[in-house]
Amino acid sequence: EDMNWDIQLFKLNFDGREVDAVAKVVSGGWLSMGEKILDFESSFEGLLAEKSYCSAVTNCTAALHLALLALDVTKGDEVIIPALTFVADANVVNIVGATPVLADCTSTDDWNMSVDSIEAKITERTKVVIVVHYAGYPCKDIGKIAGLCKERGIGLIEDVAHAPGASFGGKACGTWGDIGCFSFFSNKNLSIGEGGMVSTCSEDLSKKIRYLRSHGMTSLTLDRHKGRSITYDVAHPGLNYRMDEMRAALGSVQLDKLLEGNRNRKELTEHYRANLKNSSVEMPFSDQPTGSLSAYHILPVLLPAHTDRVAVINALKEKRIQSSIHYPPFWNFTAYEGQFSPKQAPIVAQICERQLTLPLFPTMTKAEVDQVTTVLLQAVG
Ligand SMILES: *Cc1c(COP(=O)(O)O)cnc(C)c1O
């Protein structure tokens, strides 16, 4: 069924600049791994840290796969992941033959993992921890988690799909761990259709990631085109997770709009919070520590316990307001039957039953927020 939404969950923040950027590439005659990629990567490094290395890739799932390969995660290893995240985190760990181990979130207000929830799941097989900055809110224990991982010789990957432009104490999300993985899928804060970025502050890891991204080859087509090299060696077996120039050009335009978009998202989130204050609908992350700068990726709420969530979704839908669930729990997926159980993450199990995601995007108006909260509060009664 083709819904004609009045208020979509998400809307692209595109104008003529994106159209021009792509048109220029298409008429320019160089489609992959050229100057647009180099520009996008260096601008993204500018967003993160003075000394960071960014590699553009096909999507965040590819970024996560490269990160696990670069950190030598393999069969027999365990990787601690949040129980509340997109299934890509569990999938990539399985794909490299390792076992994902679920860590619970901190509380029904702080949906990120804590250093304690991670420490409880560490065994001698733990090779890597993947932290997600859920909904764009920096994991408040990220400094402690980085310290713990270093102390125990465990790798740390940040899944920064929700949090480009977020930081904690002035340090960007995506630079706390060994490797950061960003998503530029259509509905993310920086949208290019399909795309991702791998960040690291280690030159060695960056080199490894570059080989793995491009068939293990030691020189690029562009270098050969420019006459800088004649042939190439293959240092390790690799994949092809390269981004094309059209997407990189889109990415640079979208990156210019990112921080302003995040500020709009913040204002709208605060408006939601004011509207839902003292109601039976709870908004998580009410208590953000000083120094925490969120990217406000999505607008998750907790419905009152035992609410008929499908009825609420339908009431919103009747007023042509789109909503969603972030995320259905892994233990309900056929692929993960028997591998995961709600007992492994009791707080996340509660959240998954009551969670609802409301519309949020940079060009949304406060009047639209009012429309959403009015219908929502009527629906929960
Ligand atoms: C979107 C998302 C991904 C996957 O990103 P793709 O670019 O679509 O592969 C991974 N992790 C989280 C938390 C996400 O939200």
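Let's start with a pair of helices: α3 passes α4 in a right-handed crossing. Keep in mind as you look around that this is a predicted model. On the α3 side, the contact is made by Thr61, Leu64, His65 and Leu68, and on the α4 side by Ala88, Asp89, Val92, Val93 and Ile95. Sort these contact residues by class and you get six nonpolar, two polar and one charged.

How are the two helices set against each other? Helix α3 covers residues 60-70 and helix α4 covers residues 88-95; they pack at an angle of about 40 degrees, and their axes are 10 Å apart. That angle is why α3 counts as oblique to α4.

Now hop over to the ligand. There are 14 residues around it, and the ones that come nearest are Cys60, Thr61, Asp159, Ser183 and Lys188. For histidine 162, the distance to an oxygen atom of the ligand is 2.9 Å. For lysine 188 it's 3.1 Å, and for tyrosine 327 it's 3.2 Å.

Last stop: another helix pair. Helix α9 (residues 245-276) packs with helix α12 (residues 366-380) at an angle of about 35 degrees, with 10 Å between their axes. This crossing, too, is right-handed. From α9, Glu267, Leu268, His271, Tyr272, Asn275 and Leu276 take part, meeting Lys366, Val369, Asp370, Val372, Thr373, Leu376 and Leu377 of α12. The class tally for this contact is seven nonpolar, three polar and three charged residues.

Terms used: Residues numbered from 1 in each chain as written. Predicted model: local features only at pLDDT ≥ 70, side-chain atom pairs only at ≥ 80, totals over all residues. Heavy atoms only, no water. Axes fitted to C-alpha atoms, helices over the stretch in contact; angles between N-to-C directions. Helix = DSSP H or I, 4+ residues; strand = E, 2+ residues; numbered from the N terminus. Parallel < 35°, antiparallel > 145°, perpendicular 65-115°, else oblique. Left-handed = near helix turned anticlockwise from the far one by under 90°. Contact = heavy atoms within 4.5 Å. Nonpolar A, V, L, I, M, F, W, Y, C, P; charged D, E, K, R; others polar. Near = heavy atom within 4 Å. Polar contact = N/O pair within 3.5 Å; in protein donor to acceptor, adjacent residues only side chain to side chain.
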